[in-house]
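Biologist: I would like to go through this model one feature at a time. Please give the general idea of each feature before the case.

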Amino acid sequence: LSDPNSVPRQLTLGTAMLQAGQLAEAKQVLESIVQKSPDNSAAHAELGRVLLQLEEYQPAIEELERALVGTPENMDVHQGLATAYVRAGNRDKAAEHQKEHARLRQQETQTVTVGRQEYDDDDALKIDIGELYVDIARVYVAAGMNKAAELLLLRASRMLPENIDCRQALAFLAAQQSRSFDAIRWMKEVAQLQPTEFSFAEEVARLYMDAGQPAEAEGALTAFVQENPQNVLALRSLARFYLEALGNVEQAIAFNLKALELAPTADAYASLAANYERSSQLDKAIEAMGKALQLDPGNTIYAQLLALLREKSQPEASADNLESR
């Protein structure tokens with residue numbers, strides 16, 4: 001709750017609410033995540049599970065199918081789809097997913113058998129101890145024993161080179177102590193471990209801004225967009241960054257247009273209209289807001305903004321007429 005912009009933490013919250021039986025609350029949290037991060041397969045999967053328990057079968061199917069796009073061999077998602085399709089009355093689709101679930105289950109069993117044969121006791125023990133350090137560190141942080149927690153997390157980071165939790169916790173502790181560059185270093189490691197998760201790159205950029213380094217923040221965001229050019233959330237965030245942090249309206253409009261090509265939604269057109277207005281391009285602002293209202297005709301805010309834009313353009317039109325006379 002204290003970090004509403006962190007997708008991984010919000011996903012943990014939504015999953016915990018689901019497990020605790022707080023279905024309405026879990027649905028609200030998870031719907032917020034998929035709006036912010038539409039490519040997050042785990043969030044779609046968890047939301048599908050919630051909707052299934054709420055007996056909203058068709059929405060559950062839609063969310064689980066979206067989850068399957070990113071994780072086509074997720075056994076739990078196939079099992080959820082099999083259940084949802086049965087309850088929705090589509091037994092053919094249910095059988096298809098049940099068959100795939102059985103195949104993946106058999107494949108996993110074979111993998112586990114081979115894995116046990118190659119099991120390395122030393123490496124396994126190192127992983128177990130490292131994860132134990134992370135768990136104990138969480139308790140220390142909750143008790144306000146930050147120094148002891150940090151020592152354990154540092155050990156865990158060396159033992160678990162691909163563990164995200166310990167690095168996020170180290171970044172959090174460093175930021176609390178105003179050690180901006182330590183926080184940045186740890187969050188950059190997290191971002192490198194999850195190169196397609198935008199929330200981590202966005203956090204790196206935020207830390208750079210807190211440290212008074214807007215150029216580095218811009219570099220973190222643009223590097224992510226270059227590697228993930230289809231990520232609509234990242235394009236919109238970069239547009240906001242150019243507008244709010246750097247005051248570069250032209251760049252903001254450019255990235256708004258790129259995001260719009262991938263997802264021509266009403267809010268995207270409204271955002272573009274606001275940028276056009278700020279750059280005094282009122283005709284384009286009116287056109288963009290008009291498209292936003294076409295896509296969401298019941299939105300009274302869009303209607304009011306469109307009326308204000310038209311009213312704002314009238315004095316300019318009148319002045320032009322007087323000048324021509």
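Biologist: Which residues of H11 are buried?

Modeller: Buried means under 20% relative accessible area, with over 50% being exposed and the range in between partly exposed, using a 1.4 Å probe and protein chains only. In H11 the buried residues are Phe198, Ser199, Phe200, Ala201, Val204, Ala205, Leu207 and Tyr208. The model is predicted, so local features need pLDDT of at least 70 and side-chain atom pairs count only at pLDDT 80 or more, while totals for chains, interfaces and linings use all residues. Residues are numbered from 1 along each chain as its sequence is written, and side-chain values use heavy atoms, leaving out hydrogens and water.

Biologist: What covers the buried residues of H11?

Modeller: The cover is read from contacts, meaning heavy atoms within 4.5 Å. For H11 it includes H1 (7–19), H9 (164–176), H10 (180–193), H12 (214–227) and H13 (232–245). These helices are DSSP runs of H or I with at least four residues, strands being runs of E with at least two, and both are numbered from the N terminus.

Biologist: What span should the 13 residues of H11 have?

Modeller: The expected span is 1.5 Å times one less than the number of residues. H11 (residues 198–210) should therefore span 18 Å, and its end C-alpha atoms are 18 Å apart, which agrees. Just after H11, Gly212 has a positive phi of about 75°.

Biologist: And what of H12, its span and its buried residues?

Modeller: With 14 residues, H12 should span 20 Å, and its end C-alpha atoms are 20 Å apart, which agrees. Ala217, Ala220, Leu221, Thr222, Phe224 and Val225 are its buried residues. They pack against H11, H13 and H14 (249–262).

Biologist: How should I read a helix pair?

Modeller: Two packed helices are described by the angle between their axes and the distance between the axes. Axes are lines fitted to C-alpha atoms, for helices over the stretch in contact, with angles from 0 to 180 degrees between N-to-C directions. H13 and H14 cross at roughly 165°, and their axes come within 8 Å.

Biologist: Which orientation class does that give H13 and H14?

Modeller: Under 35 degrees is roughly parallel, over 145 roughly antiparallel, 65 to 115 roughly perpendicular and the rest oblique. H13 and H14 are therefore roughly antiparallel. Their crossing is left-handed, the near helix being turned anticlockwise from the far one by less than a right angle (clockwise would be right-handed). In H13, Val232, Leu235, Arg236, Leu238, Ala239, Tyr242 and Leu243 meet Val249, Gln251, Ala252, Phe255, Asn256, Lys258, Ala259 and Leu262 of H14.

Biologist: How many nonpolar, polar and charged residues are in that contact of H13 with H14?

Modeller: Ala, Val, Leu, Ile, Met, Phe, Trp, Tyr, Cys and Pro count as nonpolar, Asp, Glu, Lys and Arg as charged, and the others, Gly among them, as polar. The contact of H13 with H14 has 11 nonpolar, 2 polar and 2 charged residues.

Biologist: At what angle do H2 and H3 pack?

Modeller: H2 (residues 23–36) and H3 (residues 41–53) pack at about 150°, their axes 9 Å apart. They are therefore roughly antiparallel, and H2 passes H3 in a left-handed crossing.

Biologist: How many helices and strands are in the chain?

Modeller: The chain has 17 helices and 0 strands. Of its 325 residues, 39% are buried.
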